[in-house]
Amino acid sequence: MKMTSRGPIDLRRYAFISIAAAVATILLKGVAWWLTGSVGLLSDAIESFVNLAGALMALWMLSIAIMPADAEHPHGHDKAEYFSSAFEGFLIVVAAASIGYTAVERLIHPQPLEAVGIGLLVSVLASIINFGVARVLLRAGTEHKSITLEADAHHLMTDVWTSVGVIAGVTLVWLTGLNWLDPVIALLVAANIVWTGWQLMRRSASGLMDVALPKSEIAQIEQVLSTFDTEGVCFHALRTRQAGRRVFISLHVLVPGDWLVKRAHDFSEEIEASLCRQFPHAHVMTHLEPIDDPLSMADEALDRQR
(Lines give C-alpha, C1' and ligand atoms only; values in the text may rest on other atoms or scores of the structure.)
Protein backbone atom coordinates (compact mmCIF):
# COMPACT_ATOMS: atom_id res chain seq x y z
CA MET A 1 0.00 0.00 0.00
CA LYS A 2 1.25 3.44 -0.83
CA MET A 3 -0.12 6.96 -0.73
CA THR A 4 1.32 10.25 -1.86
CA SER A 5 3.65 11.95 0.57
CA ARG A 6 1.94 15.27 0.04
CA GLY A 7 -0.16 16.45 2.94
CA PRO A 8 -3.61 17.98 2.59
CA ILE A 9 -3.61 21.41 0.96
CA ASP A 10 -5.57 24.20 2.62
CA LEU A 11 -7.95 25.52 -0.04
CA ARG A 12 -10.00 27.70 2.30
CA ARG A 13 -8.40 30.90 1.00
CA TYR A 14 -10.29 30.36 -2.27
CA ALA A 15 -13.55 30.10 -0.34
CA PHE A 16 -12.81 33.47 1.28
CA ILE A 17 -12.24 34.95 -2.19
CA SER A 18 -15.61 33.56 -3.29
CA ILE A 19 -17.34 34.98 -0.20
CA ALA A 20 -15.88 38.45 -0.84
CA ALA A 21 -16.97 38.31 -4.49
CA ALA A 22 -20.50 37.23 -3.52
CA VAL A 23 -20.89 40.10 -1.07
CA ALA A 24 -19.61 42.60 -3.65
CA THR A 25 -21.92 41.33 -6.41
CA ILE A 26 -24.95 41.25 -4.09
CA LEU A 27 -24.41 44.93 -3.35
CA LEU A 28 -23.80 45.86 -6.98
CA LYS A 29 -26.71 43.86 -8.40
CA GLY A 30 -28.99 45.04 -5.61
CA VAL A 31 -28.19 48.62 -6.56
CA ALA A 32 -28.83 47.79 -10.24
CA TRP A 33 -32.25 46.33 -9.41
CA TRP A 34 -33.12 49.25 -7.11
CA LEU A 35 -32.26 51.75 -9.85
CA THR A 36 -34.11 49.99 -12.68
CA GLY A 37 -36.89 47.96 -11.04
CA SER A 38 -36.02 45.10 -13.42
CA VAL A 39 -37.16 41.68 -12.28
CA GLY A 40 -34.42 40.24 -14.48
CA LEU A 41 -31.79 42.12 -12.51
CA LEU A 42 -33.57 41.09 -9.31
CA SER A 43 -33.23 37.43 -10.35
CA ASP A 44 -29.55 38.07 -10.94
CA ALA A 45 -29.19 39.55 -7.44
CA ILE A 46 -31.04 36.61 -5.85
CA GLU A 47 -28.63 34.18 -7.47
CA SER A 48 -25.75 36.09 -5.87
CA PHE A 49 -27.28 35.33 -2.47
CA VAL A 50 -27.07 31.68 -3.48
CA ASN A 51 -23.43 32.26 -4.38
CA LEU A 52 -22.81 33.61 -0.89
CA ALA A 53 -24.56 30.68 0.81
CA GLY A 54 -22.63 28.26 -1.36
CA ALA A 55 -19.32 29.98 -0.60
CA LEU A 56 -20.00 29.84 3.15
CA MET A 57 -20.88 26.15 2.90
CA ALA A 58 -17.72 25.59 0.84
CA LEU A 59 -15.62 27.22 3.55
CA TRP A 60 -17.17 24.94 6.18
CA MET A 61 -16.75 21.74 4.18
CA LEU A 62 -13.19 22.59 3.09
CA SER A 63 -12.38 23.12 6.78
CA ILE A 64 -13.64 19.60 7.48
CA ALA A 65 -12.01 18.03 4.41
CA ILE A 66 -8.55 19.24 5.43
CA MET A 67 -8.75 17.38 8.74
CA PRO A 68 -6.40 14.36 8.87
CA ALA A 69 -7.65 10.78 9.02
CA ASP A 70 -8.51 9.50 12.48
CA ALA A 71 -9.83 6.35 14.15
CA GLU A 72 -13.43 7.11 13.19
CA HIS A 73 -12.55 8.29 9.67
CA PRO A 74 -9.61 6.12 8.56
CA HIS A 75 -10.05 7.18 4.93
CA GLY A 76 -9.99 10.88 5.76
CA HIS A 77 -12.66 13.58 5.59
CA ASP A 78 -12.39 14.48 1.88
CA LYS A 79 -15.95 13.44 1.04
CA ALA A 80 -17.21 16.45 3.00
CA GLU A 81 -16.71 18.40 -0.24
CA TYR A 82 -19.61 16.57 -1.86
CA PHE A 83 -22.00 17.88 0.80
CA SER A 84 -20.97 21.42 -0.16
CA SER A 85 -21.68 20.99 -3.87
CA ALA A 86 -24.98 19.17 -3.17
CA PHE A 87 -26.08 21.94 -0.79
CA GLU A 88 -25.21 24.60 -3.34
CA GLY A 89 -27.19 22.73 -5.99
CA PHE A 90 -30.22 22.63 -3.68
CA LEU A 91 -29.96 26.37 -3.00
CA ILE A 92 -29.80 27.05 -6.73
CA VAL A 93 -33.09 25.20 -7.27
CA VAL A 94 -34.72 27.14 -4.41
CA ALA A 95 -33.49 30.42 -5.91
CA ALA A 96 -34.89 29.41 -9.30
CA ALA A 97 -38.32 28.85 -7.77
CA SER A 98 -38.21 32.30 -6.19
CA ILE A 99 -37.16 33.91 -9.46
CA GLY A 100 -39.94 32.10 -11.34
CA TYR A 101 -42.59 33.28 -8.89
CA THR A 102 -41.43 36.90 -9.11
CA ALA A 103 -41.30 36.74 -12.92
CA VAL A 104 -44.86 35.41 -13.20
CA GLU A 105 -46.06 38.21 -10.91
CA ARG A 106 -44.37 40.75 -13.16
CA LEU A 107 -45.90 39.18 -16.27
CA ILE A 108 -49.35 39.62 -14.71
CA HIS A 109 -48.57 43.14 -13.51
CA PRO A 110 -45.95 44.62 -15.89
CA GLN A 111 -44.02 47.74 -14.85
CA PRO A 112 -41.78 50.07 -16.85
CA LEU A 113 -38.04 50.09 -16.17
CA GLU A 114 -36.16 53.12 -14.90
CA ALA A 115 -32.54 54.36 -14.92
CA VAL A 116 -31.60 51.47 -17.20
CA GLY A 117 -28.24 52.86 -18.32
CA ILE A 118 -26.63 53.18 -14.91
CA GLY A 119 -28.28 49.96 -13.71
CA LEU A 120 -26.76 47.99 -16.58
CA LEU A 121 -23.35 49.54 -15.96
CA VAL A 122 -23.42 48.38 -12.33
CA SER A 123 -24.53 44.89 -13.38
CA VAL A 124 -21.70 44.64 -15.91
CA LEU A 125 -19.19 45.51 -13.19
CA ALA A 126 -20.59 42.71 -10.99
CA SER A 127 -20.30 40.25 -13.87
CA ILE A 128 -16.65 41.15 -14.41
CA ILE A 129 -15.93 40.39 -10.74
CA ASN A 130 -17.71 37.04 -10.99
CA PHE A 131 -15.85 36.11 -14.16
CA GLY A 132 -12.45 36.86 -12.64
CA VAL A 133 -13.16 34.90 -9.45
CA ALA A 134 -14.65 31.99 -11.41
CA ARG A 135 -11.45 31.64 -13.44
CA VAL A 136 -9.34 31.62 -10.28
CA LEU A 137 -11.56 29.01 -8.58
CA LEU A 138 -11.75 26.78 -11.66
CA ARG A 139 -7.97 26.78 -12.06
CA ALA A 140 -7.48 25.93 -8.38
CA GLY A 141 -10.26 23.30 -8.41
CA THR A 142 -8.81 21.55 -11.45
CA GLU A 143 -5.26 21.65 -10.12
CA HIS A 144 -6.16 20.35 -6.65
CA LYS A 145 -9.03 18.02 -7.69
CA SER A 146 -11.51 19.90 -5.48
CA ILE A 147 -15.16 19.39 -6.49
CA THR A 148 -16.13 22.16 -4.07
CA LEU A 149 -14.06 24.79 -5.87
CA GLU A 150 -15.05 23.45 -9.29
CA ALA A 151 -18.75 23.60 -8.38
CA ASP A 152 -18.37 27.13 -7.07
CA ALA A 153 -16.51 28.16 -10.22
CA HIS A 154 -19.06 26.65 -12.61
CA HIS A 155 -21.86 28.27 -10.63
CA LEU A 156 -20.17 31.66 -10.89
CA MET A 157 -19.68 31.17 -14.64
CA THR A 158 -23.38 30.31 -14.94
CA ASP A 159 -24.04 33.53 -13.05
CA VAL A 160 -21.90 35.40 -15.57
CA TRP A 161 -23.78 34.02 -18.57
CA THR A 162 -27.07 34.59 -16.77
CA SER A 163 -26.09 38.21 -16.23
CA VAL A 164 -25.21 38.54 -19.91
CA GLY A 165 -28.70 37.29 -20.81
CA VAL A 166 -30.40 39.59 -18.31
CA ILE A 167 -28.39 42.59 -19.45
CA ALA A 168 -29.28 41.82 -23.06
CA GLY A 169 -32.96 41.47 -22.13
CA VAL A 170 -33.09 44.71 -20.15
CA THR A 171 -31.38 46.47 -23.04
CA LEU A 172 -34.04 45.16 -25.43
CA VAL A 173 -36.80 46.38 -23.11
CA TRP A 174 -35.10 49.77 -22.94
CA LEU A 175 -34.83 49.99 -26.74
CA THR A 176 -38.23 48.50 -27.70
CA GLY A 177 -40.45 49.39 -24.75
CA LEU A 178 -41.72 45.79 -24.58
CA ASN A 179 -41.88 45.38 -20.82
CA TRP A 180 -42.99 41.72 -21.01
CA LEU A 181 -39.50 40.78 -22.23
CA ASP A 182 -38.06 41.42 -18.74
CA PRO A 183 -40.04 38.72 -16.85
CA VAL A 184 -39.78 36.29 -19.79
CA ILE A 185 -36.00 36.52 -19.64
CA ALA A 186 -36.18 36.07 -15.87
CA LEU A 187 -38.09 32.80 -16.43
CA LEU A 188 -35.39 31.64 -18.85
CA VAL A 189 -32.79 32.51 -16.22
CA ALA A 190 -34.69 30.41 -13.67
CA ALA A 191 -34.78 27.42 -16.05
CA ASN A 192 -31.04 27.70 -16.63
CA ILE A 193 -30.39 27.88 -12.88
CA VAL A 194 -32.47 24.73 -12.27
CA TRP A 195 -30.33 22.83 -14.77
CA THR A 196 -27.12 23.98 -13.06
CA GLY A 197 -28.44 22.96 -9.65
CA TRP A 198 -29.48 19.54 -10.92
CA GLN A 199 -26.04 18.93 -12.43
CA LEU A 200 -24.31 19.84 -9.18
CA MET A 201 -26.54 17.55 -7.11
CA ARG A 202 -26.14 14.67 -9.58
CA ARG A 203 -22.35 14.96 -9.53
CA SER A 204 -22.32 15.11 -5.74
CA ALA A 205 -24.47 11.98 -5.52
CA SER A 206 -22.06 10.20 -7.87
CA GLY A 207 -19.15 11.06 -5.57
CA LEU A 208 -20.98 9.83 -2.48
CA MET A 209 -21.84 6.58 -4.32
CA ASP A 210 -18.13 5.91 -5.05
CA VAL A 211 -18.42 6.11 -8.84
CA ALA A 212 -15.26 5.00 -10.63
CA LEU A 213 -12.78 7.52 -12.02
CA PRO A 214 -13.48 8.89 -15.53
CA LYS A 215 -12.50 6.66 -18.47
CA SER A 216 -9.64 9.00 -19.36
CA GLU A 217 -8.07 8.52 -15.93
CA ILE A 218 -8.69 4.76 -15.99
CA ALA A 219 -6.75 4.78 -19.28
CA GLN A 220 -3.87 6.58 -17.55
CA ILE A 221 -3.79 3.89 -14.86
CA GLU A 222 -3.79 1.15 -17.47
CA GLN A 223 -0.99 2.91 -19.30
CA VAL A 224 1.12 2.90 -16.13
CA LEU A 225 0.36 -0.79 -15.53
CA SER A 226 1.32 -1.66 -19.10
CA THR A 227 4.90 -0.59 -18.36
CA PHE A 228 5.05 -3.40 -15.76
CA ASP A 229 3.40 -5.99 -17.99
CA THR A 230 6.36 -8.38 -18.10
CA GLU A 231 6.28 -12.08 -18.87
CA GLY A 232 4.53 -14.05 -16.17
CA VAL A 233 2.83 -10.97 -14.61
CA CYS A 234 -0.70 -9.62 -15.08
CA PHE A 235 -3.26 -7.47 -13.29
CA HIS A 236 -6.97 -7.59 -12.60
CA ALA A 237 -9.69 -6.42 -10.18
CA LEU A 238 -8.81 -2.76 -10.79
CA ARG A 239 -11.15 -0.59 -8.72
CA THR A 240 -11.11 3.17 -8.37
CA ARG A 241 -13.04 5.89 -6.61
CA GLN A 242 -12.57 9.51 -5.66
CA ALA A 243 -13.26 11.31 -2.39
CA GLY A 244 -12.83 15.03 -2.91
CA ARG A 245 -9.32 15.50 -4.23
CA ARG A 246 -8.10 12.11 -2.94
CA VAL A 247 -8.04 9.16 -5.36
CA PHE A 248 -8.29 5.55 -4.21
CA ILE A 249 -6.89 2.82 -6.48
CA SER A 250 -6.82 -0.90 -5.71
CA LEU A 251 -5.79 -3.84 -7.91
CA HIS A 252 -4.57 -7.42 -7.78
CA VAL A 253 -1.03 -8.12 -8.97
CA LEU A 254 -0.57 -11.68 -10.23
CA VAL A 255 3.06 -12.84 -10.21
CA PRO A 256 4.80 -16.22 -10.73
CA GLY A 257 4.29 -18.46 -7.73
CA ASP A 258 8.03 -19.15 -7.41
CA TRP A 259 8.90 -15.48 -6.78
CA LEU A 260 10.31 -14.70 -3.35
CA VAL A 261 8.10 -12.53 -1.15
CA LYS A 262 10.66 -9.70 -1.22
CA ARG A 263 10.83 -9.67 -5.03
CA ALA A 264 7.04 -9.59 -5.34
CA HIS A 265 6.79 -6.90 -2.66
CA ASP A 266 9.43 -4.71 -4.34
CA PHE A 267 7.61 -5.14 -7.65
CA SER A 268 4.33 -3.97 -6.08
CA GLU A 269 6.08 -1.01 -4.47
CA GLU A 270 7.33 0.12 -7.89
CA ILE A 271 3.81 -0.08 -9.30
CA GLU A 272 2.35 1.89 -6.41
CA ALA A 273 5.05 4.57 -6.64
CA SER A 274 4.43 5.00 -10.38
CA LEU A 275 0.69 5.38 -9.86
CA CYS A 276 1.26 7.94 -7.08
CA ARG A 277 3.46 9.97 -9.43
CA GLN A 278 0.65 9.95 -11.99
CA PHE A 279 -2.02 10.84 -9.39
CA PRO A 280 -0.53 13.20 -6.76
CA HIS A 281 -3.29 12.61 -4.18
CA ALA A 282 -3.59 8.87 -4.63
CA HIS A 283 -3.95 6.08 -2.08
CA VAL A 284 -2.91 2.86 -3.83
CA MET A 285 -3.56 -0.64 -2.51
CA THR A 286 -2.17 -3.72 -4.27
CA HIS A 287 -2.94 -7.36 -3.47
CA LEU A 288 -0.34 -10.00 -4.48
CA GLU A 289 -1.47 -13.37 -5.81
CA PRO A 290 0.27 -16.34 -7.48
CA ILE A 291 -0.68 -16.38 -11.13
CA ASP A 292 -0.64 -20.17 -11.34
CA ASP A 293 -3.32 -20.60 -8.64
CA PRO A 294 -6.82 -21.04 -10.16
CA LEU A 295 -8.34 -19.18 -7.22
CA SER A 296 -6.30 -16.09 -8.19
CA MET A 297 -8.08 -15.95 -11.53
CA ALA A 298 -11.53 -16.26 -9.97
CA ASP A 299 -11.57 -13.39 -7.50
CA GLU A 300 -12.18 -10.35 -9.68
CA ALA A 301 -15.71 -9.84 -8.34
CA LEU A 302 -16.25 -7.54 -5.37
CA ASP A 303 -18.11 -10.30 -3.49
CA ARG A 304 -15.92 -13.34 -3.97
CA GLN A 305 -17.56 -16.78 -3.89
CA ARG A 306 -15.55 -19.06 -1.58
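Helices here are DSSP runs of H or I with at least four residues, strands are runs of E with at least two, and both are numbered from the N terminus. With that in hand, helix α4 (residues 116-144) is where you will find Asn130. You are looking at a predicted model, in which local features need pLDDT of at least 70, side-chain atom pairs count only at pLDDT 80 or more, and totals for chains, interfaces and linings use all residues. Residues are numbered from 1 along each chain as its sequence is written, and side-chain values use heavy atoms, with hydrogens and water left out.

- Asn130 counts as buried because its relative accessibility is 0%; buried means under 20% relative accessible area, exposed over 50%, and partly exposed in between, with a 1.4 Å probe and protein chains only.
- Setting aside neighbours within four places in sequence, Asn130 is in contact with Thr25, Lys29, Asn51, Leu156, Asp159 and Val160 (contact means heavy atoms within 4.5 Å).

**Nonpolar cores**

- A nonpolar core is a set of buried Ala, Val, Leu, Ile, Met, Phe, Trp, Tyr and Cys residues joined through side-chain atoms within 4.5 Å.
- The largest such core has 21 residues, and Ile221, Ile249, Val255, Phe267, Ile271 and Leu275 touch the most other members.
- Two or more residues of this core come from each of α7 (215-226), β3 (246-255), α8 (261-278) and β4 (282-290).
- Beyond its neighbours within four places in sequence, Val255 is in contact with Gly232, Val233, Ala264, Phe267, Leu288, Glu289, Pro290 and Ile291.
- Another core lies apart from this one; its 20 residues include Val50, Leu91, Ala186 and Val189.

**The α3 and α6 pair**

- Helix α3 (residues 80-108) packs with helix α6 (residues 181-208) at an angle of about 165°, and their axes are 8 Å apart; axes are lines fitted to C-alpha atoms, for helices over the stretch in contact, and angles run from 0 to 180 degrees between N-to-C directions.
- Ala97 is found in α3 and is exposed, with a relative accessible area of 52%.
- From Ala97 to Ala190 there are 93 residues in sequence, yet 7.1 Å in space, C-alpha to C-alpha.

**Ala237 in β2**

- Strand β2 (residues 234-243) holds Ala237, whose phi is near 55°, a positive value in a residue other than glycine.
- Ala237 counts as buried, at 7% relative accessibility.
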